[in-house]
Amino acid sequence: MAVNIGLKLFKHEPTPAEVVKKSREDRFFAREIIDGVFNDFIEFHGDRQSGDDMSVIGGIATLNDKPVTVIVIDKGTDIHDKLSKRNGSPEPWGYRKAQRLMQQANKFHRPIVTFINTPGAFPGKTAEVQGQGEAIAKSILESMKLAVPMISIIYGEGGSGGALALATTDQVWMFQNATYSILSPEGFASILWKDSKRSEEAAAVMGLTPKDLLEKNVIEYVIPESRNHPRVFNLIRKKLDDEFSLLNELSPEELIQKRRARFRAF
Amino acid sequence: MDLYDNQKSTSKIKRDASVNDRIPDGLFLACPYCGVQMYNKQLGEHRVCAHCGYGFRLQARERVALLTQSFEEMDSDIEIVAPDFPGYADKLARAKSQTELGESVLTGIATIEDAKVALGIMDSYFMMGSLGSMTGEKITRLFEYATEKKLPVVLFTASGGARMQEGINSLMQMAKVSAAVAQHQEAGLLYLVVLTDPTTGGVTASFAMQGDITLAEPHALVGFAGARVIESTIHEKLPKDFQRVETLLENGFVDKIVPRPELGHVISQLVKLHYRAEA
(Lines give C-alpha, C1' and ligand atoms only; values in the text may rest on other atoms or scores of the structure.)
Protein backbone atom coordinates (compact mmCIF):
# COMPACT_ATOMS: atom_id res chain seq x y z
CA MET A 1 0.00 0.00 0.00
CA ALA A 2 2.76 2.36 0.97
CA VAL A 3 4.46 1.58 -2.31
CA ASN A 4 1.34 2.48 -4.24
CA ILE A 5 1.07 5.85 -2.58
CA GLY A 6 4.72 6.47 -3.22
CA LEU A 7 4.33 5.66 -6.90
CA LYS A 8 1.34 7.91 -7.22
CA LEU A 9 3.41 10.86 -6.15
CA PHE A 10 5.48 10.50 -9.27
CA LYS A 11 3.08 8.92 -11.69
CA HIS A 12 -0.10 10.84 -12.25
CA GLU A 13 -2.87 8.93 -13.95
CA PRO A 14 -4.31 11.47 -16.42
CA THR A 15 -8.03 12.11 -16.38
CA PRO A 16 -9.97 11.50 -19.60
CA ALA A 17 -10.26 15.27 -20.13
CA GLU A 18 -6.47 15.56 -19.88
CA VAL A 19 -6.03 12.76 -22.40
CA VAL A 20 -8.41 14.57 -24.76
CA LYS A 21 -6.37 17.73 -24.41
CA LYS A 22 -3.10 15.91 -25.01
CA SER A 23 -4.45 14.00 -27.98
CA ARG A 24 -5.06 17.32 -29.72
CA GLU A 25 -1.56 18.64 -29.17
CA ASP A 26 1.05 18.29 -31.88
CA ARG A 27 2.98 15.54 -30.17
CA PHE A 28 3.89 13.58 -33.26
CA PHE A 29 3.79 14.83 -36.84
CA ALA A 30 2.73 12.64 -39.72
CA ARG A 31 5.96 13.05 -41.71
CA GLU A 32 8.00 12.43 -38.59
CA ILE A 33 6.21 9.13 -37.99
CA ILE A 34 6.62 8.02 -41.59
CA ASP A 35 10.33 8.82 -41.61
CA GLY A 36 10.84 7.42 -38.13
CA VAL A 37 9.13 4.06 -38.59
CA PHE A 38 9.68 3.32 -42.27
CA ASN A 39 12.41 3.63 -44.87
CA ASP A 40 12.33 4.71 -48.52
CA PHE A 41 8.86 6.24 -48.38
CA ILE A 42 7.51 7.19 -51.81
CA GLU A 43 4.35 9.28 -51.73
CA PHE A 44 1.51 8.79 -54.22
CA HIS A 45 -1.18 11.33 -54.98
CA GLY A 46 -4.80 11.46 -56.04
CA ASP A 47 -7.87 9.27 -56.09
CA ARG A 48 -8.04 9.11 -59.93
CA GLN A 49 -11.57 10.51 -59.81
CA SER A 50 -11.77 14.01 -58.50
CA GLY A 51 -8.57 15.20 -56.88
CA ASP A 52 -5.89 14.87 -54.27
CA ASP A 53 -6.61 15.45 -50.61
CA MET A 54 -3.48 16.64 -48.83
CA SER A 55 -4.80 15.58 -45.43
CA VAL A 56 -4.36 11.93 -46.40
CA ILE A 57 -0.74 11.03 -47.08
CA GLY A 58 -0.28 7.69 -48.79
CA GLY A 59 2.39 5.68 -50.49
CA ILE A 60 4.71 2.73 -50.20
CA ALA A 61 7.69 2.29 -47.95
CA THR A 62 9.75 -0.48 -46.45
CA LEU A 63 9.41 -1.84 -42.96
CA ASN A 64 12.62 -3.69 -42.11
CA ASP A 65 13.22 -4.07 -45.88
CA LYS A 66 9.75 -5.44 -46.58
CA PRO A 67 7.36 -3.36 -48.69
CA VAL A 68 4.24 -1.99 -46.98
CA THR A 69 1.53 0.47 -47.96
CA VAL A 70 1.35 3.41 -45.58
CA ILE A 71 -1.67 5.70 -45.22
CA VAL A 72 -1.55 8.58 -42.75
CA ILE A 73 -4.07 11.24 -41.82
CA ASP A 74 -2.11 14.45 -41.30
CA LYS A 75 -3.24 17.51 -39.34
CA GLY A 76 -0.41 19.60 -40.75
CA THR A 77 2.48 21.41 -39.12
CA ASP A 78 2.11 25.20 -39.32
CA ILE A 79 -1.05 27.27 -39.55
CA HIS A 80 -1.17 27.32 -43.38
CA ASP A 81 -0.58 23.61 -43.57
CA LYS A 82 -3.25 22.99 -40.95
CA LEU A 83 -5.75 25.18 -42.81
CA SER A 84 -5.15 23.42 -46.10
CA LYS A 85 -5.60 20.08 -44.37
CA ARG A 86 -8.62 21.30 -42.38
CA ASN A 87 -6.83 20.17 -39.23
CA GLY A 88 -6.80 16.60 -40.44
CA SER A 89 -10.39 16.30 -41.64
CA PRO A 90 -10.32 14.35 -44.90
CA GLU A 91 -12.56 15.11 -47.84
CA PRO A 92 -14.28 12.22 -49.68
CA TRP A 93 -11.49 12.14 -52.24
CA GLY A 94 -9.03 11.62 -49.39
CA TYR A 95 -10.85 8.43 -48.41
CA ARG A 96 -11.03 7.43 -52.08
CA LYS A 97 -7.27 7.91 -52.35
CA ALA A 98 -6.89 5.60 -49.37
CA GLN A 99 -9.21 3.06 -51.02
CA ARG A 100 -7.16 3.15 -54.19
CA LEU A 101 -3.93 2.55 -52.30
CA MET A 102 -5.51 -0.27 -50.31
CA GLN A 103 -6.67 -1.98 -53.50
CA GLN A 104 -3.18 -1.56 -54.88
CA ALA A 105 -1.68 -3.11 -51.75
CA ASN A 106 -4.11 -5.99 -52.08
CA LYS A 107 -3.06 -6.62 -55.67
CA PHE A 108 0.63 -6.73 -54.78
CA HIS A 109 0.16 -8.56 -51.47
CA ARG A 110 1.59 -5.77 -49.35
CA PRO A 111 0.49 -5.30 -45.73
CA ILE A 112 -1.26 -2.00 -44.95
CA VAL A 113 -0.52 0.32 -42.04
CA THR A 114 -2.72 3.33 -41.35
CA PHE A 115 -1.95 6.13 -38.90
CA ILE A 116 -4.97 8.10 -37.78
CA ASN A 117 -5.26 11.56 -36.29
CA THR A 118 -8.50 13.26 -37.20
CA PRO A 119 -11.31 15.13 -35.45
CA GLY A 120 -13.60 13.52 -38.03
CA ALA A 121 -14.42 13.55 -41.72
CA PHE A 122 -14.79 17.11 -42.99
CA PRO A 123 -18.35 18.43 -42.67
CA GLY A 124 -18.23 20.71 -45.71
CA LYS A 125 -20.47 21.54 -48.61
CA THR A 126 -18.32 19.98 -51.30
CA ALA A 127 -17.74 16.98 -49.07
CA GLU A 128 -21.50 16.33 -48.97
CA VAL A 129 -21.90 16.89 -52.70
CA GLN A 130 -19.09 14.43 -53.38
CA GLY A 131 -20.58 11.86 -51.03
CA GLN A 132 -18.70 11.90 -47.74
CA GLY A 133 -21.01 9.19 -46.41
CA GLU A 134 -20.50 6.97 -49.43
CA ALA A 135 -16.72 7.45 -49.30
CA ILE A 136 -16.55 6.29 -45.69
CA ALA A 137 -19.07 3.48 -46.26
CA LYS A 138 -17.00 2.16 -49.13
CA SER A 139 -13.73 2.40 -47.22
CA ILE A 140 -15.22 0.26 -44.47
CA LEU A 141 -16.79 -2.24 -46.85
CA GLU A 142 -13.67 -2.63 -49.00
CA SER A 143 -11.46 -3.05 -45.92
CA MET A 144 -13.59 -6.06 -45.03
CA LYS A 145 -12.58 -7.76 -48.30
CA LEU A 146 -8.83 -7.16 -48.49
CA ALA A 147 -6.68 -10.27 -48.29
CA VAL A 148 -3.62 -8.57 -46.82
CA PRO A 149 -2.74 -7.92 -43.17
CA MET A 150 -3.91 -4.50 -41.97
CA ILE A 151 -3.02 -2.63 -38.79
CA SER A 152 -4.22 0.84 -37.84
CA ILE A 153 -2.65 3.11 -35.25
CA ILE A 154 -4.48 6.09 -33.75
CA TYR A 155 -1.79 8.59 -32.79
CA GLY A 156 -3.94 11.59 -31.82
CA GLU A 157 -7.67 12.01 -32.21
CA GLY A 158 -9.73 9.13 -33.53
CA GLY A 159 -12.86 11.00 -34.44
CA SER A 160 -15.90 8.94 -35.30
CA GLY A 161 -16.62 7.55 -38.78
CA GLY A 162 -13.79 9.61 -40.23
CA ALA A 163 -11.37 7.52 -38.17
CA LEU A 164 -13.25 4.24 -38.50
CA ALA A 165 -12.96 4.47 -42.31
CA LEU A 166 -9.24 3.65 -41.92
CA ALA A 167 -9.53 1.56 -38.75
CA THR A 168 -11.51 -1.48 -39.89
CA THR A 169 -8.35 -3.52 -39.71
CA ASP A 170 -7.02 -6.75 -38.21
CA GLN A 171 -5.66 -4.86 -35.23
CA VAL A 172 -6.13 -1.35 -33.91
CA TRP A 173 -3.48 0.24 -31.72
CA MET A 174 -3.42 3.56 -29.94
CA PHE A 175 -0.79 5.90 -28.63
CA GLN A 176 -0.90 6.34 -24.88
CA ASN A 177 -2.38 9.84 -25.18
CA ALA A 178 -4.74 9.25 -28.07
CA THR A 179 -8.53 9.07 -28.07
CA TYR A 180 -11.06 7.15 -30.12
CA SER A 181 -14.71 8.07 -29.88
CA ILE A 182 -18.08 8.35 -31.52
CA LEU A 183 -17.92 12.15 -31.38
CA SER A 184 -15.86 14.89 -29.77
CA PRO A 185 -16.68 15.41 -26.07
CA GLU A 186 -17.94 18.92 -26.98
CA GLY A 187 -20.32 17.53 -29.58
CA PHE A 188 -21.39 14.76 -27.25
CA ALA A 189 -22.22 17.22 -24.47
CA SER A 190 -24.09 19.53 -26.80
CA ILE A 191 -26.20 16.72 -28.25
CA LEU A 192 -27.03 14.96 -25.01
CA TRP A 193 -27.09 17.84 -22.55
CA LYS A 194 -27.45 20.81 -24.93
CA ASP A 195 -24.34 22.32 -23.38
CA SER A 196 -20.97 21.97 -25.09
CA LYS A 197 -19.21 23.43 -22.04
CA ARG A 198 -19.75 20.19 -20.16
CA SER A 199 -17.14 18.51 -22.33
CA GLU A 200 -14.95 17.44 -19.40
CA GLU A 201 -17.84 15.58 -17.90
CA ALA A 202 -18.61 14.07 -21.29
CA ALA A 203 -15.01 12.91 -21.71
CA ALA A 204 -15.29 11.09 -18.40
CA VAL A 205 -18.40 9.08 -19.34
CA MET A 206 -17.53 8.43 -22.99
CA GLY A 207 -14.81 5.86 -22.38
CA LEU A 208 -12.52 7.27 -25.04
CA THR A 209 -9.10 6.68 -23.49
CA PRO A 210 -6.81 3.82 -24.58
CA LYS A 211 -7.26 2.22 -21.17
CA ASP A 212 -11.07 2.10 -21.51
CA LEU A 213 -10.92 0.90 -25.09
CA LEU A 214 -8.41 -1.83 -24.31
CA GLU A 215 -10.82 -3.16 -21.69
CA LYS A 216 -13.63 -3.23 -24.22
CA ASN A 217 -11.42 -5.00 -26.80
CA VAL A 218 -11.89 -2.13 -29.22
CA ILE A 219 -8.11 -1.94 -29.49
CA GLU A 220 -5.35 -4.51 -29.09
CA TYR A 221 -2.36 -2.54 -27.94
CA VAL A 222 -1.36 0.76 -26.34
CA ILE A 223 1.90 2.31 -27.49
CA PRO A 224 3.71 4.01 -24.61
CA GLU A 225 4.77 7.53 -25.49
CA SER A 226 8.07 9.14 -24.70
CA ARG A 227 9.77 12.44 -25.38
CA ASN A 228 12.38 10.31 -27.04
CA HIS A 229 10.55 9.88 -30.33
CA PRO A 230 13.02 7.50 -32.02
CA ARG A 231 12.43 5.12 -29.14
CA VAL A 232 8.68 5.17 -29.81
CA PHE A 233 9.25 4.64 -33.52
CA ASN A 234 11.64 1.75 -32.93
CA LEU A 235 9.04 0.09 -30.76
CA ILE A 236 6.34 0.55 -33.42
CA ARG A 237 8.61 -0.81 -36.15
CA LYS A 238 9.46 -3.90 -34.15
CA LYS A 239 5.88 -4.52 -33.08
CA LEU A 240 4.53 -4.02 -36.61
CA ASP A 241 7.08 -6.41 -38.03
CA ASP A 242 6.23 -9.06 -35.43
CA GLU A 243 2.49 -8.78 -35.89
CA PHE A 244 2.67 -8.75 -39.68
CA SER A 245 4.78 -11.90 -39.58
CA LEU A 246 2.11 -13.58 -37.47
CA LEU A 247 -0.74 -12.33 -39.64
CA ASN A 248 1.12 -13.42 -42.77
CA GLU A 249 0.95 -17.01 -41.58
CA LEU A 250 -2.82 -16.98 -42.02
CA SER A 251 -4.35 -17.88 -45.35
CA PRO A 252 -6.15 -15.00 -47.12
CA GLU A 253 -9.53 -16.58 -46.27
CA GLU A 254 -8.62 -16.99 -42.61
CA LEU A 255 -7.35 -13.44 -42.46
CA ILE A 256 -10.59 -11.97 -43.83
CA GLN A 257 -12.67 -14.27 -41.66
CA LYS A 258 -10.77 -13.22 -38.56
CA ARG A 259 -11.10 -9.54 -39.38
CA ARG A 260 -14.85 -9.85 -39.83
CA ALA A 261 -15.14 -11.89 -36.64
CA ARG A 262 -13.23 -9.19 -34.78
CA PHE A 263 -15.99 -6.69 -35.53
CA ARG A 264 -18.78 -9.26 -35.27
CA ALA A 265 -18.05 -9.44 -31.56
CA PHE A 266 -19.45 -5.96 -30.83
CA MET B 1 -83.84 52.68 -34.52
CA ASP B 2 -84.65 48.98 -34.54
CA LEU B 3 -81.97 48.60 -37.07
CA TYR B 4 -79.31 49.52 -34.55
CA ASP B 5 -80.72 47.34 -31.79
CA ASN B 6 -80.31 44.46 -34.05
CA GLN B 7 -76.67 45.19 -34.56
CA LYS B 8 -76.12 45.37 -30.85
CA SER B 9 -77.36 41.86 -30.40
CA THR B 10 -74.80 40.38 -32.82
CA SER B 11 -71.98 41.38 -30.51
CA LYS B 12 -73.44 39.07 -27.92
CA ILE B 13 -72.65 35.94 -29.92
CA LYS B 14 -70.10 34.05 -27.90
CA ARG B 15 -67.14 32.06 -29.05
CA ASP B 16 -67.79 28.35 -28.82
CA ALA B 17 -65.54 27.43 -25.90
CA SER B 18 -65.66 23.68 -26.42
CA VAL B 19 -64.60 23.79 -30.06
CA ASN B 20 -61.12 22.48 -29.27
CA ASP B 21 -62.56 19.50 -27.47
CA ARG B 22 -64.80 18.51 -30.32
CA ILE B 23 -62.24 18.77 -33.13
CA PRO B 24 -59.55 16.14 -32.68
CA ASP B 25 -55.84 16.96 -32.82
CA GLY B 26 -53.99 16.32 -36.02
CA LEU B 27 -57.00 16.80 -38.24
CA PHE B 28 -55.09 19.31 -40.28
CA LEU B 29 -51.40 18.82 -40.95
CA ALA B 30 -48.64 20.83 -42.51
CA CYS B 31 -46.29 18.98 -44.81
CA PRO B 32 -42.81 19.12 -43.23
CA TYR B 33 -41.29 19.53 -46.67
CA CYS B 34 -43.49 21.97 -48.64
CA GLY B 35 -45.44 23.42 -45.73
CA VAL B 36 -48.84 23.12 -47.39
CA GLN B 37 -51.68 22.57 -44.94
CA MET B 38 -53.99 19.70 -45.65
CA TYR B 39 -56.76 17.61 -44.20
CA ASN B 40 -55.47 14.49 -42.51
CA LYS B 41 -57.40 12.14 -44.79
CA GLN B 42 -55.91 13.71 -47.91
CA LEU B 43 -52.69 11.88 -47.04
CA GLY B 44 -54.33 8.55 -47.77
CA GLU B 45 -53.18 5.24 -46.39
CA HIS B 46 -49.63 5.78 -47.64
CA ARG B 47 -49.34 9.07 -45.73
CA VAL B 48 -48.06 11.01 -48.72
CA CYS B 49 -48.36 14.79 -49.12
CA ALA B 50 -51.00 15.49 -51.77
CA HIS B 51 -49.11 18.56 -52.87
CA CYS B 52 -45.43 17.55 -53.17
CA GLY B 53 -45.37 13.77 -52.77
CA TYR B 54 -43.28 13.81 -49.58
CA GLY B 55 -43.84 10.64 -47.56
CA PHE B 56 -44.62 11.40 -43.92
CA ARG B 57 -42.45 9.49 -41.48
CA LEU B 58 -43.89 6.05 -40.81
CA GLN B 59 -43.41 3.71 -37.92
CA ALA B 60 -41.81 0.42 -38.91
CA ARG B 61 -44.96 -1.58 -38.25
CA GLU B 62 -47.10 0.80 -40.30
CA ARG B 63 -44.74 0.35 -43.21
CA VAL B 64 -44.81 -3.41 -42.92
CA ALA B 65 -48.61 -3.30 -43.12
CA LEU B 66 -48.50 -1.07 -46.21
CA LEU B 67 -45.72 -2.82 -48.05
CA THR B 68 -45.89 -6.54 -47.43
CA GLN B 69 -48.31 -9.34 -48.10
CA SER B 70 -46.79 -11.44 -45.34
CA PHE B 71 -44.24 -10.74 -42.67
CA GLU B 72 -42.54 -13.01 -40.18
CA GLU B 73 -40.59 -11.07 -37.60
CA MET B 74 -37.08 -12.15 -36.63
CA ASP B 75 -35.18 -11.55 -33.40
CA SER B 76 -38.14 -9.78 -31.81
CA ASP B 77 -36.84 -10.73 -28.37
CA ILE B 78 -33.49 -9.00 -28.79
CA GLU B 79 -33.05 -6.26 -26.26
CA ILE B 80 -30.16 -4.23 -25.03
CA VAL B 81 -28.75 -5.41 -21.75
CA ALA B 82 -27.67 -3.04 -19.00
CA PRO B 83 -27.93 0.39 -20.55
CA ASP B 84 -25.75 1.97 -17.89
CA PHE B 85 -25.67 5.51 -19.25
CA PRO B 86 -27.62 7.95 -17.04
CA GLY B 87 -31.18 8.38 -18.28
CA TYR B 88 -30.72 5.88 -21.11
CA ALA B 89 -32.95 3.17 -19.62
CA ASP B 90 -35.90 5.60 -19.33
CA LYS B 91 -35.48 6.80 -22.89
CA LEU B 92 -35.38 3.23 -24.15
CA ALA B 93 -38.49 2.27 -22.23
CA ARG B 94 -40.38 5.24 -23.67
CA ALA B 95 -39.26 4.41 -27.21
CA LYS B 96 -40.26 0.78 -26.78
CA SER B 97 -43.77 1.54 -25.63
CA GLN B 98 -44.23 4.14 -28.37
CA THR B 99 -43.14 1.94 -31.26
CA GLU B 100 -43.83 -1.61 -30.03
CA LEU B 101 -40.29 -2.44 -31.04
CA GLY B 102 -37.35 -3.79 -29.05
CA GLU B 103 -34.87 -1.66 -30.99
CA SER B 104 -34.78 0.98 -33.70
CA VAL B 105 -35.09 -1.58 -36.49
CA LEU B 106 -37.69 -4.19 -37.35
CA THR B 107 -36.41 -7.22 -39.25
CA GLY B 108 -38.02 -10.28 -40.74
CA ILE B 109 -38.82 -12.35 -43.77
CA ALA B 110 -41.44 -10.77 -45.98
CA THR B 111 -43.21 -11.19 -49.27
CA ILE B 112 -43.60 -8.04 -51.31
CA GLU B 113 -45.90 -8.78 -54.26
CA ASP B 114 -44.74 -12.44 -54.45
CA ALA B 115 -41.07 -11.59 -54.00
CA LYS B 116 -39.56 -13.19 -50.91
CA VAL B 117 -37.03 -10.92 -49.23
CA ALA B 118 -35.19 -10.41 -45.98
CA LEU B 119 -36.66 -7.09 -44.91
CA GLY B 120 -35.31 -4.52 -42.47
CA ILE B 121 -37.11 -1.31 -41.60
CA MET B 122 -35.58 1.33 -39.36
CA ASP B 123 -37.96 3.36 -37.26
CA SER B 124 -37.24 7.06 -36.77
CA TYR B 125 -39.72 7.14 -33.88
CA PHE B 126 -37.42 4.88 -31.85
CA MET B 127 -34.79 7.25 -30.44
CA MET B 128 -34.50 8.89 -33.87
CA GLY B 129 -33.59 5.56 -35.44
CA SER B 130 -30.16 5.80 -33.85
CA LEU B 131 -27.69 3.01 -34.39
CA GLY B 132 -27.46 1.13 -31.13
CA SER B 133 -25.58 -2.12 -30.63
CA MET B 134 -28.78 -4.15 -30.86
CA THR B 135 -29.85 -2.27 -33.98
CA GLY B 136 -26.56 -3.35 -35.50
CA GLU B 137 -27.03 -6.87 -34.17
CA LYS B 138 -30.47 -7.25 -35.74
CA ILE B 139 -29.35 -5.93 -39.11
CA THR B 140 -26.23 -8.13 -39.01
CA ARG B 141 -28.36 -11.19 -38.25
CA LEU B 142 -30.71 -10.26 -41.08
CA PHE B 143 -27.78 -10.26 -43.52
CA GLU B 144 -26.38 -13.49 -42.09
CA TYR B 145 -29.75 -15.19 -42.39
CA ALA B 146 -30.21 -13.88 -45.93
CA THR B 147 -26.75 -15.11 -46.92
CA GLU B 148 -27.50 -18.56 -45.55
CA LYS B 149 -30.92 -18.79 -47.21
CA LYS B 150 -29.81 -17.03 -50.42
CA LEU B 151 -32.32 -14.23 -50.03
CA PRO B 152 -32.11 -10.63 -51.20
CA VAL B 153 -32.02 -7.98 -48.49
CA VAL B 154 -34.27 -4.93 -48.66
CA LEU B 155 -33.41 -2.32 -46.06
CA PHE B 156 -35.34 0.88 -45.35
CA THR B 157 -32.98 3.29 -43.65
CA ALA B 158 -34.07 6.05 -41.26
CA SER B 159 -31.62 7.27 -38.70
CA GLY B 160 -30.26 10.31 -36.97
CA GLY B 161 -26.89 8.54 -36.74
CA ALA B 162 -24.98 6.95 -33.92
CA ARG B 163 -26.51 6.24 -30.51
CA MET B 164 -24.55 8.61 -28.30
CA GLN B 165 -25.40 6.76 -25.10
CA GLU B 166 -23.61 3.64 -26.31
CA GLY B 167 -20.42 5.43 -27.27
CA ILE B 168 -17.79 3.52 -29.19
CA ASN B 169 -19.99 0.40 -29.40
CA SER B 170 -22.32 2.34 -31.64
CA LEU B 171 -19.41 3.18 -33.95
CA MET B 172 -18.36 -0.47 -34.09
CA GLN B 173 -21.83 -1.38 -35.44
CA MET B 174 -20.95 0.38 -38.69
CA ALA B 175 -18.08 -2.06 -39.15
CA LYS B 176 -20.03 -5.06 -37.90
CA VAL B 177 -22.91 -4.58 -40.33
CA SER B 178 -20.46 -3.83 -43.16
CA ALA B 179 -18.75 -7.16 -42.58
CA ALA B 180 -22.10 -8.93 -42.94
CA VAL B 181 -22.87 -6.90 -46.08
CA ALA B 182 -19.52 -7.97 -47.54
CA GLN B 183 -20.35 -11.62 -46.88
CA HIS B 184 -23.78 -11.21 -48.49
CA GLN B 185 -22.28 -9.45 -51.51
CA GLU B 186 -19.70 -12.17 -52.04
CA ALA B 187 -22.50 -14.73 -52.19
CA GLY B 188 -23.79 -12.87 -55.24
CA LEU B 189 -26.98 -11.74 -53.56
CA LEU B 190 -28.93 -8.52 -54.06
CA TYR B 191 -28.86 -5.78 -51.45
CA LEU B 192 -31.45 -3.10 -52.07
CA VAL B 193 -31.47 0.08 -50.00
CA VAL B 194 -34.45 2.40 -49.72
CA LEU B 195 -33.43 5.76 -48.26
CA THR B 196 -36.26 7.30 -46.26
CA ASP B 197 -36.55 10.53 -44.32
CA PRO B 198 -34.17 11.11 -42.52
CA THR B 199 -31.00 9.07 -43.11
CA THR B 200 -27.87 10.70 -41.72
CA GLY B 201 -24.61 10.24 -39.85
CA GLY B 202 -23.18 6.80 -39.18
CA VAL B 203 -25.91 4.98 -41.09
CA THR B 204 -25.21 7.04 -44.21
CA ALA B 205 -21.51 6.41 -43.68
CA SER B 206 -22.04 2.66 -43.67
CA PHE B 207 -24.81 0.33 -44.79
CA ALA B 208 -27.13 2.98 -46.30
CA MET B 209 -24.50 3.61 -48.97
CA GLN B 210 -23.44 0.01 -49.58
CA GLY B 211 -26.40 -1.28 -51.57
CA ASP B 212 -26.27 -2.69 -55.07
CA ILE B 213 -29.29 -0.57 -55.88
CA THR B 214 -30.24 2.56 -53.98
CA LEU B 215 -33.84 3.74 -54.10
CA ALA B 216 -35.23 6.73 -52.22
CA GLU B 217 -38.55 8.24 -51.25
CA PRO B 218 -39.30 11.73 -52.62
CA HIS B 219 -37.76 14.67 -50.71
CA ALA B 220 -36.18 12.44 -48.04
CA LEU B 221 -33.33 14.09 -46.18
CA VAL B 222 -30.10 12.14 -46.63
CA GLY B 223 -26.63 13.27 -45.67
CA PHE B 224 -23.55 12.62 -43.60
CA ALA B 225 -23.01 15.76 -41.51
CA GLY B 226 -25.88 17.77 -40.09
CA ALA B 227 -26.81 20.95 -41.97
CA ARG B 228 -26.12 23.13 -38.93
CA VAL B 229 -22.68 21.62 -38.44
CA ILE B 230 -21.82 22.30 -42.08
CA GLU B 231 -23.11 25.87 -41.92
CA SER B 232 -21.10 26.63 -38.81
CA THR B 233 -17.98 25.05 -40.35
CA ILE B 234 -18.00 26.85 -43.68
CA HIS B 235 -19.82 29.99 -42.48
CA GLU B 236 -22.37 30.12 -45.22
CA LYS B 237 -26.00 29.25 -45.64
CA LEU B 238 -26.71 26.00 -47.45
CA PRO B 239 -29.06 26.09 -50.45
CA LYS B 240 -32.58 24.73 -50.09
CA ASP B 241 -32.80 21.00 -50.80
CA PHE B 242 -29.05 20.62 -50.20
CA GLN B 243 -29.39 17.22 -48.55
CA ARG B 244 -32.59 16.07 -50.20
CA VAL B 245 -32.50 12.91 -52.30
CA GLU B 246 -33.29 14.87 -55.48
CA THR B 247 -29.89 16.56 -55.05
CA LEU B 248 -28.23 13.25 -54.23
CA LEU B 249 -29.67 11.82 -57.42
CA GLU B 250 -28.18 14.71 -59.40
CA ASN B 251 -24.84 14.12 -57.71
CA GLY B 252 -24.92 10.44 -58.53
CA PHE B 253 -25.63 8.74 -55.21
CA VAL B 254 -29.18 7.50 -55.76
CA ASP B 255 -30.45 5.21 -58.52
CA LYS B 256 -34.10 6.08 -58.51
CA ILE B 257 -36.64 8.09 -56.53
CA VAL B 258 -39.84 6.14 -56.12
CA PRO B 259 -43.10 7.54 -54.71
CA ARG B 260 -44.19 5.51 -51.70
CA PRO B 261 -47.32 3.91 -53.22
CA GLU B 262 -45.19 2.45 -56.05
CA LEU B 263 -42.36 1.14 -53.85
CA GLY B 264 -43.75 -2.35 -53.40
CA HIS B 265 -44.12 -2.87 -57.11
CA VAL B 266 -40.67 -1.51 -57.97
CA ILE B 267 -38.98 -3.58 -55.27
CA SER B 268 -40.66 -6.81 -56.33
CA GLN B 269 -39.84 -6.09 -59.95
CA LEU B 270 -36.17 -5.51 -59.14
CA VAL B 271 -35.97 -8.60 -56.97
CA LYS B 272 -37.54 -10.74 -59.68
CA LEU B 273 -35.08 -9.43 -62.27
CA HIS B 274 -32.24 -10.69 -60.13
CA TYR B 275 -33.70 -14.11 -59.39
CA ARG B 276 -35.22 -15.00 -62.70
CA ALA B 277 -33.38 -18.30 -63.09
CA GLU B 278 -34.72 -19.73 -59.86
CA ALA B 279 -38.26 -18.49 -60.26
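Where in chain B is B:Gly161 found? B:Gly161 sits in the loop between strand S6 (153-159) and helix H6 (168-186) of chain B; helices here are DSSP runs of H or I with at least four residues, strands are runs of E with at least two, and both are numbered from the N terminus.

Before going on, the conventions. This is a predicted model, in which local features need pLDDT of at least 70, side-chain atom pairs count only at pLDDT 80 or more, and totals for chains, interfaces and linings use all residues. Residues are numbered from 1 along each chain as its sequence is written, chains are lettered from A and ligands numbered from 1 in the order in which they are written, and side-chain values use heavy atoms, with hydrogens and water left out.

Back to the glycine. B:Gly161 counts as buried, at 1% relative accessibility. The classes are buried for under 20% relative accessible area, exposed for over 50%, and partly exposed in between, with a 1.4 Å probe and protein chains only. If neighbours within four places in sequence are left aside, B:Gly161 is in contact with B:Gly129, B:Ser130, B:Leu131, B:Thr200, B:Gly201 and B:Gly202, contact meaning heavy atoms within 4.5 Å. Of these, B:Thr200 is 39 residues from B:Gly161 in sequence, yet their C-alpha atoms are 5.5 Å apart.

B:Asp90 belongs to helix H4 (residues 88-99) of chain B and counts as exposed, at 54% relative accessibility. From B:Asp90 to B:Asp77 there are 13 residues in sequence and 19 Å in space, C-alpha to C-alpha.

Chain B as a whole has ten helices and nine strands. Its C-alpha trace spans about 95 × 50 × 45 Å along the principal axes. Of the 279 residues in chain B, 53% are buried. Taking contacts in chain B between residues at least 6 apart in sequence, 68% join residues at least 24 apart.

Next, the interface. How many residues of chain A are in contact with chain B? The number is 40 residues of chain A, against 44 residues of chain B. The two chains bury about 3500 Å² between them, with 72% of it on carbon and sulfur atoms; buried area is the accessible area (1.4 Å probe) that two parts lose on being put together, summed over both.

Between chain A and chain B there are four salt bridges, each a side-chain nitrogen of Lys or Arg within 4 Å of a carboxyl oxygen of Asp or Glu. One of them joins B:Glu186 to A:Arg260, with the closest N and O atoms 3.0 Å apart.

H7(A) gives the most, with seven residues. By type, the chain A side divides into 22 nonpolar, ten polar and eight charged residues. Nonpolar means Ala, Val, Leu, Ile, Met, Phe, Trp, Tyr, Cys and Pro, charged means Asp, Glu, Lys and Arg, and the others, Gly among them, are polar.

Aromatic pairs. Over all chains the structure holds twelve. Rings of Phe, Tyr and Trp (its six-membered ring) pair if their centres lie within 6.5 Å, and planes under 30 degrees apart are stacked, over 60 edge-to-face, the rest tilted. A:Phe28 and A:Phe233 are edge-to-face, at 5.9 Å centre to centre and 70° between the planes. A:Phe28 is in the loop between helix H2 (16-23) and helix H3 (30-37) of chain A and A:Phe233 in helix H12 (residues 229-248) of chain A, so the pair ties together parts 205 residues apart in sequence. Both A:Phe28 and A:Phe233 are buried.

Last, A:Asp53, in the loop between strand S1 (39-44) and strand S2 (56-63) of chain A. A:Asp53 counts as buried, at 2% relative accessibility. Its side chain makes a polar contact of 2.9 Å with the side chain of A:Ser55, and a polar atom of the A:Asp53 side chain lies 2.7 Å from the backbone nitrogen of A:Glu91.

How values were computed
A polar contact is a pair of N or O atoms within 3.5 Å; within protein, one must be able to donate a hydrogen and the other to accept it, and residues adjacent in sequence count only if both atoms are side-chain atoms.
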